[in-house]
Amino acid sequence: MKTFGFQRAASVGDAIRAAVDTGGDYLAGGTNLVDLMKNGVLEPAALVDIRRLGLTTVIETASGGVHIGSGVTNSALANHPLIRSQYPVLSQAILSGATTQLRNMATVGGNLLQRTRCPYFMQTEFDQCNKRRPGSGCAAVGGFNREHALFGAGDACVATNPSDMAVALAMLDAVVHVQGPDGSRSIPITDFYTLPGDTPHIENRLRPAELIVALELPPSSCAARSWYLKLRDRHSYAFALVSVAVGLTLTDGVVSSAAVALGGVAPRPWRVPAAEAVLVGRRPEDSMLWDAAHHAMSGARPLSQNAFKVQLGRSAVHRALVRALGAGDQ
Ligand SMILES: Cc1cc2nc3c(=O)[nH]c(=O)nc-3n(C[C@H](O)[C@H](O)[C@H](O)COP(=O)(O)OP(=O)(O)OC[C@H]3O[C@@H](n4cnc5c(N)ncnc54)[C@H](O)[C@@H]3O)c2cc1C
């Protein structure tokens with residue numbers, strides 16, 4: 001690991017100043033950043049420790065939503081009574097990821113900004129990776145790509161976003177609150193991540209030294225009947241091949257609103273309005289759930305090794321919809 005500077009910030013203002021002065025990265029739980037530093041993928045000049053900023057509260061907002069500090073740990077959020085009762089899909093998504101020990105360290109802000117698990121990015125032995133070495137090419141396009149993207153990718157990069165939590169947040173229309181040298185702003189999670197285009201090393205809309213201070217969940221009519229389903233090579237300690245967060249509202253037996261987001265298939269959590277449109281205004285019969293599942297995966301562009309994820313995705317969407325419909329009756 002290369003030598004780096006280290007500063008511990010006592011306030012949000014301190015942290016932002018230190019990041020501007022040093023050009024360093026924020027250190028939260030360190031479960032992703034430190035790993036990547038150890039194997040030479042990232043070599044920040046300095047780390048700004050943000051673990052003592054007090055951004056650790058989860059509170060109900062006046063509008064009936066929930067405000068979540070960016071320093072709340074993944075465990076604390078998944079197990080919080082407000083989240084378990086009002087946004088069970090978020091709890092399920094977080095608990096499907098990593099391990100208890102990791103979730104105890106990992107924070108909301110760090111989870112949102114964790115980097116892809118593409119092996120060509122994670123291992124410096126590979127020369128080609130446009131994310132790690134812009135302009136070097138993408139080895140995954142013609143190489144190992146069974147876990148890679150079906151949507152939103154391009155010749156420059158086919159890596160997926162690995163976060164389970166972000167998929168549920170996309171389904172719930174969460175908003176990311178950030179603060180930086182030029183003030184505060186709020187970014188809908190569905191706009192927060194950028195697609196690779198010609199610049200795969202740029203993954204989100206954060207500006208230099210901007211700090212994620214909080215997330216906000218709006219009140220959600222879909223959250224009561226919601227489900228997160230994650231399909232992977234083994235049941236624990238593995239990232240998603242395909243995951244699905246779904247939520248439905250039923251009014252007099254008819255679907256009056258629906259939200260569907262996919263994970264493990266794109267460079268960002270992938271909302272699928274086409275599937276949502278199929279669901280709304282109809283009674284939830286099995287044929288219609290399959291119809292939505294087909295729409296969710298339409299437009300997929302499989303790579304040489306991952307065509308199996310298209311059918312896997314359809315089955316996952318169908319099964320998640322069945323589970324969400326059942327969840328509301330419990
Ligand atoms: C073995 C293993 C298995 C895992 N399995 C899963 C899984 O199945 N599903 C899943 O979703 N995740 C999984 N993870 C990833 C885990 O969820 C992330 O490592 C974790 O959420 C990162 O949070 P952190 O607080 O430790 O972030 P850090 O490692 O501290 O930081 C990560 C990045 O976020 C930036 N950052 C952190 N906080 C802020 C902030 N407030 N504002 C701006 N920038 C910030 C840092 O500068 C850094 O770039 C796994 C990790 C490991 C090691």
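**Close-up views of the ligand site and salt bridges**

**View A. Lys 230 and Asp 164 form a salt bridge with closest N and O atoms 2.8 Å apart.** A salt bridge is defined as a side-chain nitrogen of Lys or Arg within 4 Å of a carboxyl oxygen of Asp or Glu. Lys 230 belongs to strand S9 (residues 225–231) and Asp 164 to the loop between helix H8 (119–122) and helix H9 (165–171), so the pair ties together parts that are 66 residues apart in sequence. Helices (H or I, at least four residues) and strands (E, at least two) are DSSP runs, numbered from the N terminus. Lys 230 counts as buried because its relative accessibility is 11%; Asp 164, at 7%, also counts as buried. Buried denotes under 20% relative accessible area, exposed over 50%, and partly exposed in between (1.4 Å probe, protein chains only). The model is predicted: local features need pLDDT of at least 70, side-chain atom pairs count only at pLDDT 80 or more, and totals for chains, interfaces and linings use all residues. Residues are numbered from 1 along each chain as its sequence is written, and side-chain values use heavy atoms, with hydrogens and water left out.

**View B. The ligand is surrounded by 33 residues.** The closest are Tyr 26, Gly 30, Thr 31, Thr 107 and Asp 164. By class, the shell comprises 14 nonpolar, 13 polar and 6 charged residues. Strand S2 (25–27), helix H2 (33–38), helix H7 (108–112) and strand S8 (211–217) each contribute at least two shell residues; the largest share, 3 residues, comes from H7.

View C. A polar backbone atom of Pro 162 is 3.5 Å from an oxygen atom of the ligand. Taken alone, the ligand exposes 970 Å², of which the protein buries 92% (Shrake-Rupley method, 1.4 Å probe).

**View D. Arg 17 and Asp 14 are joined by a salt bridge of 3.2 Å, N to O.** Both residues lie in helix H1 (residues 12–22), 3 residues apart, about one turn of the helix. Asp 14 counts as partly exposed because its relative accessibility is 31%. The whole structure contains 13 salt bridges; elsewhere, Arg 8, Asp 49 and Arg 51 are linked in a network of them.

Note on methods: Near = heavy atom within 4 Å. Polar contact = N/O pair within 3.5 Å; in protein donor to acceptor, adjacent residues only side chain to side chain. Nonpolar A, V, L, I, M, F, W, Y, C, P; charged D, E, K, R; others polar.
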